[in-house]
Amino acid sequence: MQKESEIKVSSIYKGKHSKGDKFTQNHYLILEELNSGVFKVLKLNKSTAGVRQNKTLIAALPFNFKAGGCAFYSDELAIENIKHNSLLAEDPVEISAAEFDKILRDIVKFTAGIHYSCITAKKKSSYIPVSGKIDNKELSKMIDSSLDMWLTTGRFENEFRDKLTKFLNVKYSAIVNSGSSANLLAIAALTSEELKDRRLKSGDEIITIAAGFPTTIAPIIQNNLIPVFVDAKIPSYNIDESQIERAVTSKTKAIFAAHTLGNPFNIEAVTKIAEKYNLWVIEDNCDALGSKYNGKHTGTFGDISTFSFYPAHHITSGEGGAVCMRKADLYKIILSLRDWGRDCWCDTGKDNSCRRRFTQQFGHLPAGYDHKYVYSRLGYNLKMTDWQAAIGSAQADKLNNFIKKRKHNFNYLYSKLKKFENNLILPESEKHAEPCWFGFPITTRKNTDKFGLVKFLEDNGIGTRQLFAGNILKQPVFTQNHFKLRILDSKFLYSNKLNSGDYSKLPNTDRIMTSTFWLGVFPGLTDGNFDYIADKFREYFNKV
Ligand SMILES: Cc1ncc(COP(=O)(O)O)c(C=O)c1O
C-alpha cells in the first residue's frame, strides 16, 4: 500500500494549494447534508472514517461556498487544513455552476485516483501478458463521461474522432463500436446502390487471405460476396501480392487485406494491381495504428480503412473501432449505415442541422415527414458510447509514446531472440514499411514443435497468442458451412467440401496455423520482461 504521505493533492485545485502539498487520510473531508441543500463539511480522520463513510462523500473542498442552490459550511477542523484557499471566507461565496461542476468532478476524480493508485495499480501479477491496460488518465475521463450522463455517442466521441483524424491526417473518420463493425461497414458501404457500376453486387469477388482474423472475412460472406483466397507470406504474414493477379476474374471488385500484427503489407504492389483492374482497396488496419508505409500512416492508402480499439490494440476504448476514408460519398453512406440507415446526418442529440427537417419529401412518405425519421438504407446501430470514447480520447493523447515504446520493445525482443534463429523464424517487414508492431510473430522451424514451446512459455508465465484463426478455412465455421469461395485461380469451391488438394494451394497459411504464434510488445512491458522471455527460450532449447 502506498504511504499516505505520498498521495499528492496536485491533481486538484491547481493554484489554490501550493505545489507539493501533501494530503493524508487525516485531511480527507466528508460532506454531511444537514438538511436539503445545506451541507456541513467535516473533517474525516481514521477514527471517524468508519462512521462517516456512509455519509455523502469523502473529498477535499474549498469552503465556504454556495452553488447550485446549495450552501456548504466547513467546521473549524476542516478549515485549518485548507491553506491558500481563495474561497475561504466567513460568509459563503457564490460560485458559478460551471465552477461547482468542475469542483465536484475533481473531487470524484481525486478520490478515484487514490483508489487507482492504492488499489487498482497495486494488483500485480507475475504473468507477462500480450496486452496492457489503462490508467488514471482514462479513469478520469470515464468519470467525466459518467457525470455527463450522456448515454450514447456525444462530446467525447467527437473529441476522439477529431484526434484520430488529425493523427492520421485523413479526411473522414467514423467512430464505431468495434473493429469488426468497422469491417462490416466497409464492405456493406461498398454494396450501396449510390456507387452505381462500382457497387459490389451479390456474387462479386473479394481477394483476401485465410491467415488472419475472422471478421476480416465474415463481412464478405455476410454481404453475399465471394472470398477468393491467396496465400500469406512468411515471415511478413501478409498477403502475397505476387499471387493476386492470378486470382483476378471479371467478378473481382476489391482487395481486402490486413496489415498483419501491425506489419504493413506491400501497399505499392497492391495499389498498382487495384488500379490496373479498377478494384477497391480496403485496409484492415485494426492491428496497425501508428505503422507507416513510404512515410505515411497505414490506414490512409485504401479507399476505406478500418481500426480496432479492443484492449489489446495500440490504443483502446474498451470495445471500439473506426472507419476512415477520403471520399465524402463513402463517409455519408458509412455514417448512415452506422446510424440505423437514416437519411439525416445530424450528430446524435442534434436536430435540424440541414434546416430542412420538416420541408422535404422522401419515398412515398407525406411531404414534410420529419427527416430525422427517414431511412434510405438498410442500416445497423454500430455507434460507440461516450464512455468508450472518453477512454479512447485519453488513450489517443498517449499514442505517440505508445508507438515509441512498442518499436523499442519489438527491437529489443528481436535482438534477444536473434540467437535462436536455428529454431525460430523471426518477423520481417516489407520494403518501405515502418511497422508499429501489435505483436511479435514467430514461426518455429521444422526442428521445433510450436505447441511444446508455447506450452512451456505459458507454464512460465509468458503470454502467447495464435495468429488468430491460423487457416480460417480449417475452422469449424468453414468446415460446417457451405460457403462459396475460390482459392487462387480455382473454380468455385464450397467450404465444407474442401479437400487436401485445395488446402495445399495455401501452404504458408497452413504453416502459420501449425507453426506460428506471437508474443506481446505492448508498452507496459520492460526490457526485464524480455530478458526473462529470452532466458526461457534458452532454457527450452537446452531442454529439448
Ligand atoms: C486484423 C483484425 N481485424 C479485425 C479485428 C476485429 O476487431 P474487434 O475485436 O475490435 O472487433 C481484429 C481484432 O483484434 C483484428 O486483429
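## Ligand shell

By class, 9 polar, 4 nonpolar and 2 charged residues make up the shell around the ligand. The structure described here is a predicted model. Of the 15 residues around the ligand, those that come nearest are Ser178, Gly179, Ser180, Cys286 and Ser308. Two elements, α6 (179-190) and α7 (214-222), each give two or more residues to this shell. The most is given by α6, which supplies 3 residues.

## Open sheet

The model contains an open sheet of 9 strands with mixed pairing. The strand order is β7-β15-β14-β11-β10-β8-β9-β20-β21.

Leucine 485 has leucine 493, in β21, as its bridge partner.

Glycine 321 belongs to strand β15, which spans residues 321-325. In the strand order, β15 stands between β7 and β14. With 27 other C-beta atoms within 10 Å, glycine 321 is buried, because the cut-off for a buried residue is 20 or more.

Leaving aside neighbours within four places in sequence, the contacts of glycine 321 are Val176, Asn177, Ser178, Gly179, Ser181, Ala182, Thr306, Phe307, Ser308 and Phe309. Among these contacts are Ser178, Gly179 and Ser308, which are also listed with the residues that come nearest to the ligand. Glycine 321 and alanine 174 are 147 residues apart in sequence, while their C-alpha atoms are 8.6 Å apart in space.

## Packing of α5 against α11

Helix α5 (residues 155-168) and helix α11 (residues 386-396) have axes that come within 8 Å of each other and cross at roughly 35°. The crossing of these two helices is left-handed.

On the α5 side, the contact involves Arg155, Phe156, Glu157, Glu159, Phe160, Lys163, Leu164 and Phe167. These meet Asp386, Ala389, Ala390, Gly392, Ser393 and Ala396 in α11. By class, the contact of α5 with α11 comprises 7 nonpolar, 5 charged and 2 polar residues.

Conventions. Residues are numbered from 1 along each chain as its sequence is written. This is a predicted model: local features need pLDDT of at least 70, side-chain atom pairs count only at pLDDT 80 or more; totals for chains, interfaces and linings use all residues. A residue is near a molecule or strand if its C-beta atom, placed from the backbone, lies within 6 Å of it. Helices (H or I, at least four residues) and strands (E, at least two) are DSSP runs, numbered from the N terminus. Ala, Val, Leu, Ile, Met, Phe, Trp, Tyr, Cys and Pro count as nonpolar, Asp, Glu, Lys and Arg as charged, and the others, Gly among them, as polar. Axes are lines fitted to C-alpha atoms, for helices over the stretch in contact, and angles run from 0 to 180 degrees between N-to-C directions. A crossing is left-handed if the near helix is turned anticlockwise from the far one by less than a right angle, and right-handed if clockwise. Two residues are in contact if their C-beta atoms, placed from the backbone, lie within 7 Å. Two strands pair if DSSP finds at least two bridges between them. A residue is buried if 20 or more other C-beta atoms lie within 10 Å of its own, exposed if 12 or fewer, and partly exposed in between; C-beta atoms are placed from the backbone.
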